[in-house]
Amino acid sequence: MLQKLFKMIWPKYWWQTTLIIILLLLNGFLASLSVLSIIPFLEGINVSSNNDSQILSLFNAFFMFFDIKMSTVVILTFVTIILIIKAILSILCAYLSEWIRLEIETSHKKLIYKSILNVKVDFLHKNNYGNLTNIIVLETRYLGMLINYLSRFSASFVELIVFGILVFFLSYQLTIGAI
């Protein structure tokens, strides 16, 4: 079923789907970056005993590149900007996936209604035209809902992968820092 759905979506909407995947990867990267920004806070209040962590040196290098002294206000502003960009990317991703869903749903409704118009009147009279149109509307709505669920699943899966990588990276950094 999913393979059939991918075959239906990819050929016509390949650039929108690629853009959604890129947006999801950027969104996951920004989410992990906002989580990683906790480390400078911990260093600032001396919770962590490792002053030479690689993550903190990356943050220092980033802020030194822009000639900004790292402080609590700067880190809070940095996290706020990251979260705003992340929200904008999420909205754009939701818009694109909803646009694809509506395009597929309306194109299938048009095809079905066009085929109904080409049917003999006796067939419509025997099968109750109102029931047929209700079934058509429901089935295309279910198709749209399936596409929506697929896009939500793929978004959650990408976030799961990015956060899994983040957990392993932090675990590795903390293990190396403890040695």
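**Close-up views of a predicted model**

A search of the whole structure, a predicted model, turns up 8 aromatic pairs. The legends below start with two of these pairs and then move on to other close-ups.

**View 1. Phe59 and Phe78 meet as an edge-to-face pair.** The ring centres of Phe59 and Phe78 lie 6.0 Å apart, and the planes stand at 85 degrees, so this pair is classed as edge-to-face. Is Phe59 buried or exposed? Phe59 has a relative accessible area of 6%, so it is buried. Phe78 is buried as well, at 15%.

**View 2. Phe62 and Phe66 form another edge-to-face pair.** Here the centres are 5.1 Å apart and the planes make an angle of 70 degrees, which is over the 60 needed for the edge-to-face label. Phe62 has a relative accessibility of 35% and therefore counts as partly exposed. Phe66, at 46%, is also partly exposed. If you widen the view, you meet one aromatic cluster made of Phe59, Phe62, Phe63, Phe65, Phe66 and Phe78.

**View 3. Helix H4 has a buried side and an exposed one.** H4 is 12 residues in length, and its first and last C-alpha atoms are 16 Å apart, close to the 16 Å expected at 1.5 Å a residue. Which residues of H4 are buried? They are Ile55, Leu56, Phe59 and Phe63. These four span an arc of only 100 degrees around the axis, so they sit on the same side of H4. After H4 comes Asp67, with a positive phi near 55 degrees.

View 4. For a closer look, pick Ile100: leaving aside residues up to four places away in sequence, Ile100 touches Ile9, Tyr13, Gln16, Thr17 and Ile20.

**View 5. Ser97 is a buried serine in helix H5.** Ser97 sits in H5, which runs over residues 72–117. Its relative accessibility is 13%, so Ser97 counts as buried. Where does the side chain of Ser97 reach? The side chain of Ser97 comes to 3.1 Å from the backbone oxygen of Ala94. Beyond residues up to four places away in sequence, Ser97 touches Ile20 and Ser151.

**View 6. Ile116 is a buried residue of helix H5.** Ile116 is found in H5, and it is buried because its relative accessible area is 9%. To place Ile116 relative to Thr133, look at the C-alpha atoms: the two are separated by 9.0 Å, while the residues are 17 apart along the chain.

Notes. Residues numbered from 1 in each chain as written. Predicted model: local features only at pLDDT ≥ 70, side-chain atom pairs only at ≥ 80, totals over all residues. Heavy atoms only, no water. Helix = DSSP H or I, 4+ residues; strand = E, 2+ residues; numbered from the N terminus. Buried < 20%, exposed > 50% of the residue type's maximum accessible area, 1.4 Å probe, protein only. Polar contact = N/O pair within 3.5 Å; in protein donor to acceptor, adjacent residues only side chain to side chain. Contact = heavy atoms within 4.5 Å. Phe/Tyr/Trp six-rings, centres within 6.5 Å; stacked < 30°, edge-to-face > 60°. Expected span 1.5 Å × (residues − 1). Arc of directions from axis to C-beta.
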